[in-house]
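Here are my notes on the model you sent over.

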Amino acid sequence: MSGWRAGIVAAAVGGLILIAGLIVHAVGGDDGGPGTTTSAAPGEVTLACVPALEEVCADLAGILGTGVRPFRPGDAAAEGEIVIAPPGDLAEMPADAPLVASSPVAVAVWRDRAAVLTSACTGTVDKACLEEAYGEPWADLGGSTAWGGFTLGLADPTLSASAMEAWRWVVDSGGVPPGLDASLRVRAADDAALMLEVAQFGPSRADAVITTEVAIARQLENVWDVGRLEVFYPNPGPWVDYVAAARGSDAERMIERLLSAEIQARFPARGLRPASGDAAGLPAGLGTPGQPFAPLDAAERDMLLAAWYDL
């Protein structure tokens, strides 16, 4: 758990990387589920959540009796709101904003592609394995000629703290891997938009994605018509922490319920790892994450941004 809390410091250091105007992609219904915005009445509390947590927050809103709205990184919390987001996505980071949940960064690969890569890469898809694949045709990797070249999807690290953590693992200390620019097919607005696009279009859009586990979990049940995703975990690797920043006395009091055993126990079913208690009940297909990276410092953040802009 100490590694998760260390991640809050890391994300806060990188908090000024964001641009307003995030485009939120979600599939919504009319029942208050993901992709919908439910306004709270005056005096009530609203949950404002980053895109990857829309299903989580829709679930919480029904239990807590709150409204819910999408949160764009860089926004400030309005009166009566609880923002649930990585610290780096907050315009203002309250000193007392508690950690409520975390999500490791993971690699999701379509099953048939994963079988080829694991056969060639000593049984797993790790950083070295992906670097061997960047820029290469699948025929040279042992796959089908019909698959074309190896393709990758990422969220834009200039737009959110979670995308920055995924990009951090791709680049790490060795710089941009050779061939990555040729393979980087999808550059999405955020982790939820990335997984929605991949779920909708399958391997024709990207063979693999690197993003938060919670965003991957959200689409695991939606990809059966185009295949199945296999999930691999960097070790060590980045973790994304989500804090609850409240504005207003009612919102501040409700944070205590977010930290209760009752609420924390609901997170795993949505693919989110609670701040307290175990992660029992995660969706099938998810596994054991690696140890967290050390905190991201300002110099590394600047290097990562420069590397992205140079692509």
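1. A word on surface first: accessible areas here come from the Shrake-Rupley method with a 1.4 Å probe, and for residues only the protein chains shown count as cover. On that basis the protein has an accessible surface of about 12,500 Å², with 50% of it belonging to carbon and sulfur atoms.

2. Some ground rules. This is a predicted model, in which local features need pLDDT of at least 70 and side-chain atom pairs count only at pLDDT 80 or more, while totals for chains, interfaces and linings use all residues. Numbering runs from 1 along each chain as its sequence is written, and side-chain values use heavy atoms, with hydrogens and water left out.

3. The overall picture: I get twelve helices and ten strands, taken as DSSP runs numbered from the N terminus (helices H or I, at least four residues; strands E, at least two). Of the 311 residues, 56% are buried, where buried means under 20% relative accessible area, exposed over 50%, and partly exposed in between (1.4 Å probe, protein chains only). Take the contacts (heavy atoms within 4.5 Å) with a separation of 6 or more: 75% of them link residues 24 or more positions apart.

4. Have a look at helix α3, residues 111–120. Its buried residues are Arg113, Ala114, Val116, Leu117 and Thr118. What covers them? The cover includes β4 (99–110), α4 (127–133), α5 (138–141) and β8 (229–232). After α3 comes Thr122, with a positive phi near 55 degrees.

5. Next, salt bridges, meaning a side-chain nitrogen of Lys or Arg within 4 Å of a carboxyl oxygen of Asp or Glu. The count by this rule is 17. One of them pairs Arg69 with Glu81, their closest N and O atoms 2.6 Å apart. Arg69 sits in strand β2 and Glu81 in strand β3, so this pair ties together parts twelve residues apart in sequence. Arg69 is partly exposed at 22% relative accessible area, whereas Glu81 is buried at 7%.

6. Two other bridges lie within helices. Lys127 meets Glu131 at 3.2 Å between the closest N and O atoms; the two are four residues apart in α4, about one helical turn. Glu131 counts as partly exposed, with 32% relative accessibility. In α10 (residues 249–258), Asp250 and Arg253 are three residues apart, again about one helical turn, and their side chains meet at 2.3 Å, N to O. Asp250 is partly exposed, at 35%. The general point is that an α-helix has 3.6 residues a turn, so residues three or four places apart point the same way. Salt bridges with shared partners also join Glu54, Glu55, Arg218 and Arg270 into one network.

7. Back to the loop between β2 (67–70) and β3 (81–85), which holds Arg72. Buried or exposed, or in between, for Arg72? Arg72 is partly exposed, with 42% relative accessible area. Its C-alpha is 6.5 Å from that of Val50, which is 22 residues away in sequence.

8. Last, which residues line the largest pocket? They are Asp75, Ala76, Ala77, Val83, Leu90, Ala91, Glu92, Pro94, Ala245, Ala246 and Arg247. Strand β9 (residues 239–247) gives the most to this lining, with three residues. The pocket holds about 150 Å³ of space.

How values were computed. On a 1 Å grid over the protein atoms alone, a cavity is a set of points where a 1.4 Å probe fits but cannot get out, and a pocket is an open set with protein on both sides within 12 Å along at least five of seven lines; lining residues have an atom within 4 Å of a point. Grid points are joined across faces, edges and corners, and a volume is the space filled by probe spheres set on the points.
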